[in-house]
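Please look at the model before reading on.

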Amino acid sequence: WHTPHAGWRGSYGFTVSGWHDRVQLNVIQYMNTQTEDGRIKNFPNRDSRYNMGEVLVDQLLYDWLWTGDLDFMRQGGYDFIANHLKHQDAYLKVPEIDLYENWLNAWNTDNKWHNGGASIISSSYTWRAYQVMADIASRLGKDDEARFYATKAELIRTAAAEQLWSQEKG
């Protein structure tokens with residue numbers, strides 16, 4: 001677990017330490033190698049089976065909530081996240097519902113696949129990305145995209161409450 005996968009949680013610490021330039025530099029490495037279909041490679045110079053791009057995007061959004069750095073979003077951060085979300089929808093969205101499948105997106109998911117079924121981990125990362133992107137799009141003056149992102153976030157939240165929440169168990 002000491003392998004430096006994309007999004008291997010280090011950037012959360014950079015953010016709280018005020019090292020926002022390090023977060024952005026890390027993300028830029030992955031921006032430059034994001035595939036045409038929006039997949040974030042596991043490493044800047046090669047790929048592997050992990051899908052830590054969900055976590056890398058979450059780290060960037062976490063940092064953005066601290067900085068509000070719209071210049072970075074204008075310079076590619078926004079498109080990087082938007083392309084990631086397109087990939088999520090194309091490859092990890094569960095058909096017929098607004099939830100997402102886990103696919104090696106956390107250390108503890110190595111042997112916890114959902115074989116096409118909905119999971120709270122991937123759905124939560126994707127919900128948060130859509131929710132925060134709605135705000136970023138609005139601040140960038142992309143009102144149609146802001147509405148789209150807000151709608152997607154609400155659909156995911158509603159589906160998670162209906163499909164993954166057990167009132168009896170909490």
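## Salt bridges

Lys93 and Asp98 form a salt bridge, with their closest N and O atoms 4.0 Å apart. A salt bridge here is a side-chain nitrogen of Lys or Arg within 4 Å of a carboxyl oxygen of Asp or Glu. Side chains of opposite charge can pair when their charged atoms come close. The model is predicted: local features need pLDDT of at least 70 and side-chain atom pairs count only at pLDDT 80 or more, while totals for chains, interfaces and linings use all residues. Residues are numbered from 1 along each chain as its sequence is written, and side-chain values use heavy atoms, with hydrogens and water left out.

Lys93 is partly exposed at 25% relative accessibility, and Asp98 is partly exposed at 22%. The cut-offs, for a 1.4 Å probe and protein chains only, are under 20% relative accessible area for buried, over 50% for exposed, and in between for partly exposed.

The structure holds eight salt bridges. Another of them joins the side chains of Asp89 and Lys152, at 3.3 Å from N to O. Asp89 belongs to helix α4 and Lys152 to helix α6, so this pair ties together parts that are 63 residues apart in sequence. Asp89, at 23% relative accessibility, is partly exposed, whereas Lys152, at 12%, is buried. A salt bridge is also found between Asp135 and Arg139 (3.0 Å, N to O). These two are four residues apart in helix α5 and therefore separated by about one helical turn.

## Helix α6

Helices are DSSP runs of H or I with at least four residues, numbered from the N terminus. Helix α6 covers residues 143-163, and its 21 residues should span 30 Å at 1.5 Å a residue; its end C-alpha atoms are 30 Å apart, which agrees. The expected span is 1.5 Å times one less than the number of residues.

Which residues of α6 are buried? They are Ala146, Tyr149, Lys152, Ala153, Ile156, Ala159 and Ala160. Seen down the helix axis, they fall within an arc of 165°, so they line one face of α6. The arc is taken from the directions from the helix axis to the C-beta atoms. Asp144, Arg147 and Glu162 are exposed residues on the face turned away from the buried side. The cover over the buried residues includes α4 (70-92) and α5 (120-139).

Gln163 also lies in α6 and is partly exposed at 47% relative accessibility. Gln163 and Asp98 are 65 residues apart in sequence, but their C-alpha atoms are 9.7 Å apart in space.

## Helix α5

The 20 residues of α5 should span 28 Å at 1.5 Å a residue, and its end C-alpha atoms are 29 Å apart, which agrees. Among its buried residues are Tyr125, Tyr130, Met133 and Ile136. What covers the buried residues of α5 includes α1 (10-16), α3 (53-67), α4 and α6. After α5 comes Gly141, with a positive phi near 80°.

## The nonpolar core

In soluble globular proteins, nonpolar side chains tend to be buried together. The largest nonpolar core in this model has 39 residues, and those with the most contacts inside it are Phe80, Ile81, Met133, Ile136 and Tyr149. Such a core is a set of buried Ala, Val, Leu, Ile, Met, Phe, Trp, Tyr and Cys residues joined through side-chain atoms within 4.5 Å. Two or more residues each come from α2 (20-31), α3, α4, α5 and α6. The largest share, nine residues, comes from α4.

Leaving aside neighbours within four places in sequence, Ile81 is in contact (heavy atoms within 4.5 Å) with Val57, Leu60, Leu61, Met73 and Met133.
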